[in-house]
Amino acid sequence: MKMSFRWYGNKHDSVSLPYIKQIPGMKGVVTALFDIPVGDVWPLEEIMHVKQEIENYGLLFETIESVNVHEDIKLGLPSRDLYIENYNKTLRNLARAGIKVVCYNFMPVFDWTRTELAKELADGSTALSYDDRELRNLDPRVLVQEMEKGSNGFVLPGWEKERLTELKGLFEMYRDFDENRLFKNLQYFLEGVIPVAEECDIKMAIHPDDPPWSVFGLPRIITSKSNLDRLIHLVDSPYNGITLCTGSLGANPENNIPEIIRHFGKLGRIHFGHVRNIRIHQPGVFNEVAHKDENSSLDIYEIMKAFYEIGFTGPLRPDHGRMIWGEKGRPGYGLYDRAIGANYLLGLWDAISRGSCI
Ligand SMILES: [Mn+2]
């Protein structure tokens, strides 16, 4: 397992590479070219520039999160062929820079969704939270404004303003869309990119939908063990894999995360780990908590044990953190709580791996 840290680049992050370097046990940085519009080819020069920046600090640059999928591909529009071609050009450029894993998601219109970006917890820290009852009464356009207001001046990936200005038209286009249709479009995309990923030796790792259920009536498909099983068989290649995000899948208590890790791990389809803890208050209502939390809904020890048991050697990162100690930054992506989280995970990993040798 290679402990990694998500970084938004010099322009878009309050956390700097020298600080990331100082986190004990930190091996790699996960990033993307955030200024390239979705659907455009990532220029090799710019990829090499970021690679250099990261490697200058002795950190690995092997994982991209994310190369986003253009909406036309999800919608299955004729223009998708051009965007798939561009995606493959990006994969080829990333391979030249030594990238091994590419994370992406296939959520229509909205990326990860929360109703509050700074919910105050009992200890005075703040965290991202979600309440289905609130979402149900919300106009999607209001949510977009709220996300922007709460973002502390950072552009939240997946919530770029330009992408969301045409909300009404997008909703119109997804009318009558069901899961099967979205799965079909995902299959078309994978049939287009997996052969290139194989050639490039880049593992594609789909991120689960967050939360793992329909929002605003839009279909969501990467939500459960059975749907993940369906995904890996759309194109039966080890390069068609998963980002196992515990907090996303875990928001539905029916998803048994350690069991899901063991199942897909044994099939060799988990290429990237996101470990985050949450507390579910009632169905559809949850907030994020510290990786170590006495009242959480996920068993982080069992989760790390499952990763260990499958012999996981890929990148794994603490996912979102709380905002603590007065830090100001990108919601979910401050330095302090993620650094603490990373070291809780590393501590568990040490105990599990050394203990099992006795
Ligand atoms: Mn995640």
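Predicted model: local features only at pLDDT ≥ 70, side-chain atom pairs only at ≥ 80, totals over all residues.

Analyst: Happy to. Residues are numbered from 1 along each chain as its sequence is written.

User: Where does C245 lie?

Analyst: C245 lies in strand β8, residues 240-245. Helices (H or I, at least four residues) and strands (E, at least two) are DSSP runs, numbered from the N terminus.

User: And which residues is C245 in contact with?

Analyst: Leaving aside neighbours within four places in sequence, C245 is in contact with H207, P208, D210, H274 and D319. Contact here means that the C-beta atoms of two residues, placed from the backbone, lie within 7 Å. C245 and E65 are 180 residues apart in sequence, with 13 Å between their C-alpha atoms.

User: Backbone angles next. Which residues have a positive phi although they are not glycine?

Analyst: D176 has a positive phi of about 70°, and W325 has one of about 55°. D176 is in the loop between α9 (167-173) and α10, while W325 is in the loop between β12 and α15.

User: Is W325 buried or exposed?

Analyst: W325 counts as exposed, because it has 11 other C-beta atoms within 10 Å. D176 is exposed as well, since it has 6 C-beta neighbours inside 10 Å.

User: OK, α14. Which of its residues are buried?

Analyst: Helix α14 covers residues 300-309, and its buried residues are I300, I303, M304, K305, A306 and F307. They pack against α12 (246-250), α13 (257-266), β9 (270-275), β10 (277-282), β12 (315-318) and α15 (336-355).

User: At what angle do α13 and α14 pack?

Analyst: About 10°, with the axes 9 Å apart. That makes α13 roughly parallel to α14, because angles under 35 degrees count as roughly parallel, over 145 as roughly antiparallel, 65 to 115 as roughly perpendicular and the rest as oblique. Axes are lines fitted to C-alpha atoms, for helices over the stretch in contact, and angles run from 0 to 180 degrees between N-to-C directions.

User: Which residues make the contact?

Analyst: I257, P258, I261 and R262 come from α13, and E302, I303, A306, F307 and E309 from α14.

User: What about I257, buried or exposed?

Analyst: I257 counts as buried, because it has 22 C-beta neighbours inside 10 Å. Leaving aside neighbours within four places in sequence, I257 is in contact with T246, L249, G250, L298 and I303.

User: Which residues touch the most other members in the largest nonpolar core?

Analyst: L91, V102, V193, I202, I261 and I303, in a core of 87 residues. Helix α10 (residues 179-200) gives the most to this core, with eight residues. A nonpolar core is a set of buried Ala, Val, Leu, Ile, Met, Phe, Trp, Tyr and Cys residues joined through C-beta atoms within 7 Å. Leaving aside neighbours within four places in sequence, L91 is in contact with V102, V193, V196, A197, C200 and I202.

User: Last topic, sheets. What is the strand order in the open sheet of four strands?

Analyst: The order is β5-β6-β11-β10, with antiparallel pairing. Two strands pair if DSSP finds at least two bridges between them. β5 (116-120) and β10 stand at the edges with a single partner strand each, so one side of each is left without a neighbour in the sheet. Neighbouring strands of this sheet are turned by 35° against each other on average, direction ignored.

User: How many bridges pair β5 and β6?

Analyst: Three, in the antiparallel sense, with β6 spanning residues 126-131. The bridge partner of E116 in β6 is S129.

Technical notes. Buried ≥ 20, exposed ≤ 12 C-beta atoms within 10 Å, placed from the backbone.
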